[in-house]
Structures are given as C-alpha cells and as structure tokens.
Amino acid sequence: MHRTYSMRQSRAPTASQLQNPPPPSSSTKSGRLFGKGGIGHALRRQAAGQFGPDLAKKLTQLVKMEKNVMRSMELVGRERMEVAQQLSIWGEACDDDVSDVTDKLGVLLYEIGELEDQYVDRYDQYRVTIKSIRNIEASVQPSRDRKQKITDQIAQLKYKEPNSPKIVVLEQELVRAEAESLVAEAQLSNITREKLKAAYTYQFDALREHCEKLAIIAGYGKHLLELIDDTPVTPGETRAAYDGYETSKAIIQDCEDSLTNWVTANAAVSSKLSTRSRNLSQRRRAQRSGEGHDLSGQDQPLNDRESGLWIPASAHKGGDEYDDDALSEEEAGASSINQDSTINGENRGRQETLAV
C-alpha cells in the first residue's frame with residue numbers, strides 16, 4: 001500500500017503564511033557542538049549568566065534557557081513524526097478499516113510534527129527579540145561602571161586629600177558621565193518596553209496559530225475514528241466489508257483545506273475581557289492620555305463648619321459605632337490576599353520582605 005506522510009506534496013504557502021510570511025529557519029537547528037543530545041542543555045544552563053556584564057546576566061540566562069526549550073520542541077517534533085510512521089506500519093497488517101484509519105491518522109500525526117517544526121521557527125523570532133534587549137543592557141553597563149568609578153575616586157580623594165585639584169576635574173567628568181548615563185538609561189527603558197511587547201507578540205501569535213491548527217487536526221482525527229466499526233462480533237461472525245476509503249481521503253482533504261486557509265481572523269478561540277477588566281483598562285488609557293478623573297466634588301463642603309475647628313470622632317454620624325480594631329476594607333482585602341498566597345503550605349508568587 002502506498003503511504004504518503006505529507007499532507008501537502010507541493011508545500012504551497014498557506015493563507016496564514018501569505019498573510020504573515022514565515023521567519024527563516026531557527027538558529028538552534030544548526031551549529032550544534034554536542035549533537036542532538038541533552039549534554040548541551042546542561043552546559044548552557046550551568047554556564048548561562050556566569051559571564052558578561054552584571055546588568056545582562058539574568059536576561060542572558062533566560063535566552064539560554066529558551067534555547068533549551070526550542071531544542072526540546074525540535075526533538076518532540078521529530079519523535080512525533082517517527083510515531084506517526086510507526087503507527088502506520090503497525091496498522092498495515094490489521095483489518096481493512098483499522099489499516100486505512102491508522103494510515104490516515106499517521107498522516108495527521110506527521111503533520112503535527114511538521115507544525116511543531118514551524119512553531120520552533122516562529123518561536124525563535126521571540127527569542128532573538130529578547131536577545132536584543134540583552135544586548136542593549138550589556139551596552140549600558142559600561143556607562144554605569146564609569147559613573148560609579150568616578151564617584152568612588154571623588155569620595156576617596158575627599159577622604160585622603162580634601163584640597164586636591166583633581167576633585168574639580170573628576171566632578172566635571174562625573175557630570176559628563178551622568179549625562180551619558182541618562183541618555184543610555186532612557187534608551188534602555190524605551191527599547192526594553194518596545195522589544196518586550198514585540199517579542200511576546202511573536203510568541204503568542206505563533207502559539208495561537210499552532211494551537212488552533214492542532215485543534216483542527218484533532219477534530220478531523222476524531223472524524224476518522226468514526227470510520228472504525230467497533231461493534232462487537234461473536235466468534236465465527238464476519239464483519240461487513242469496509243467501504244470508507246473515499247471518506248477517509250475526503251476527511252484528509254478537508255483537514256488540509258482547513259489548515260491551508262486558516263488565518264488569524266478565523267480563529268475559533270477568542271479572549272474576552274470581563275466588564276471590570278475592560279473598564280479598568282479604559283480608565284488607565286484615559287489617565288495616560290491626560291483625561292484624568294475629576295475628584296474635586298468628592299469631599300464634603302465645609303461651609304457649615306467653623307474654619308479650623310477639630311471635630312472628634314464621636315461627633316460624626318455613626319461615631320458611636322467606630323471601632324479602632326476593625327479592619328478597613330483595604331486591610332481586609334490585603335489580609336485575604338496574603339492568606340490566598342499560601343496554598344497547602346506552598347508560597348506562590350513573589351515574596352517581598354517588609355521593613356518592620
């Protein structure tokens with residue numbers, strides 16, 4: 001039986017690829033020092049962040065860890081293709097319905113492996129963009145070091161030689177170094193925000209496309225399973241002849257068409273904000289654009305009160321019900337959050353040390 005594992009022989013660009021051209025092949029697929037094994041993973045993880053400027057060490061470690069993730073995904077994609085081939089080989093000796101369905105399931109599983117490979121290439125766009133932030137951090141470190149060095153020299157001279165003429169010269173150099181540092185820090189702040197948003201836009205767009213296409217394949221895979229006759233038979237009874245060859249081919253073709261024509265606008269899953277989240281987001285955008293909220297009418301007028309007089313708590317309405325020990329609404333919320341942050345004895349989220 002002739003078996004084809006690629007669903008698209010010609011590999012014509014899909015609608016999604018035409019709308020958003022695929023990136024070049026991932027940089028992790030070539031230039032491997034230790035082959036395809038896991039030794040390189042351990043070495044990169046241990047050595048990441050040990051060298052280079054202090055400012056860039058944490059992001060350097062992240063970039064190296066993401067490289068490990070990508071190579072793991074490559075391995076998953078290759079092994080999924082091998083699994084698809086093995087499933088088809090096993091099913092070839094089975095009854096006609098099982099043989100045909102396992103053959104077509106192998107086609108779908110092989111396609112998943114190829115989608116994994118494409119996802120790695122798009123994931124590399126995210127990693128390379130994060131890497132550019134690391135490069136900017138590394139370039140800012142020298143200006144910080146120079147400013148700190150001059151500051152230390154001035155402090156040392158003021159301690160040992162308070163009247164040294166070098167102090168004036170160093171203070172002038174410090175002014176120039178601070179100016180250069182301000183420019184570098186501003187660039188770092190701007191580029192970090194721009195690149196961070198771009199990087200995770202790449203990742204989430206790629207993840208969305210990958211998951212939507214996996215869902216499409218899973219749906220058509222279940223349609224294929226319906227072609228298997230699982231009605232129990234008694235010993236000696238013969239099953240009806242299988243007549244689903246054309247149907248299975250049509251299902252594969254439908255799956256191919258769905259994958260080829262998929263674009264982001266046709267995504268089946270959408271993330272909708274709640275009313276509260278939407279209102280908070282709109283309020284934040286309004287504040288950022290200068291449209292602040294007018295709170296001038298929030299306080300009670302003081303016209304009926306003598307100016308400057310202090311009024312005890314008991315004189316206010318409901319003053320007898322005032323309780324110093326009662327938690328305010330904000331404090332109660334904070335207490336609830338602190339309790340919720342520990343689940344089954346496990347601390348979750350960032351732990352902050354509060355000064356007592």
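Reader: What covers the buried residues of α6?
Author: The cover includes α1 (15-19), α4 (96-160) and α5. Buried means under 20% relative accessible area, with a 1.4 Å probe and protein chains only. Helices here are DSSP runs of H or I with at least four residues, and strands are E runs of at least two, numbered from the N terminus.

Reader: Which residues of α6 are buried?
Author: Ser248, Ile251, Ile252, Cys255, Glu256, Leu259 and Thr260.

Reader: Is this a predicted model or something else, and how are residues numbered?
Author: This is a predicted model, in which local features need pLDDT of at least 70 and side-chain atom pairs count only at pLDDT 80 or more, while totals for chains, interfaces and linings use all residues. Residues are numbered from 1 along each chain as its sequence is written, and side-chain values use heavy atoms, with hydrogens and water left out.

Reader: Back to α6. How do α5 and α6 cross?
Author: The axes of α5 (residues 166-225) and α6 (residues 245-261) come within 10 Å and cross at roughly 170°. The two helices are therefore roughly antiparallel, a label for angles over 145 degrees, whereas under 35 counts as roughly parallel. Axes are lines fitted to C-alpha atoms, for helices over the stretch in contact, and angles run from 0 to 180 degrees between N-to-C directions.

Reader: Which residues make that contact?
Author: On the α5 side, Lys213, Ile216, Ile217, Tyr220, His223 and Leu224; on the α6 side, Ser248, Ile251, Ile252, Asp254, Cys255, Ser258 and Leu259. Contact means heavy atoms within 4.5 Å.

Reader: And α4 with α6, parallel or antiparallel?
Author: Roughly parallel, therefore, for α4 and α6. Their axes are 10 Å apart and the packing angle is about 10°. From α4, Asp96, Asp100, Lys104, Val107, Leu108 and Glu111 meet Tyr245, Ser248, Lys249, Ile252, Cys255 and Leu259 of α6.

Reader: What about the length of α6, what should its 17 residues span?
Author: They should span 24 Å at 1.5 Å a residue, and the end C-alpha atoms are 25 Å apart, which agrees. The expected span is 1.5 Å times one less than the number of residues.

Reader: Other helices. How do α3 and α4 cross?
Author: At roughly 170°, with the axes of α3 (residues 57-91) and α4 coming within 8 Å. So α3 and α4 are roughly antiparallel.

Reader: Switching to alanine 184. Where is it, and is it buried or exposed?
Author: Alanine 184 lies in helix α5. Alanine 184 is buried, with a relative accessible area of 14%.

Reader: What does alanine 184 touch?
Author: Val140 and Ser143, leaving out residues up to four places away in sequence. The C-alpha atoms of alanine 184 and glutamate 137 are separated by 9.4 Å, and the two are 47 residues apart along the chain.

Reader: How many helices and strands does the protein have?
Author: Eight helices and two strands. Along the sequence the pattern is α-α-α-α-α-α-α-α-β-β.

Definitions and conventions: Angles under 35 degrees count as roughly parallel, over 145 as roughly antiparallel, 65 to 115 as roughly perpendicular and the rest as oblique. Buried means under 20% relative accessible area, exposed over 50%, partly exposed in between (1.4 Å probe, protein chains only).
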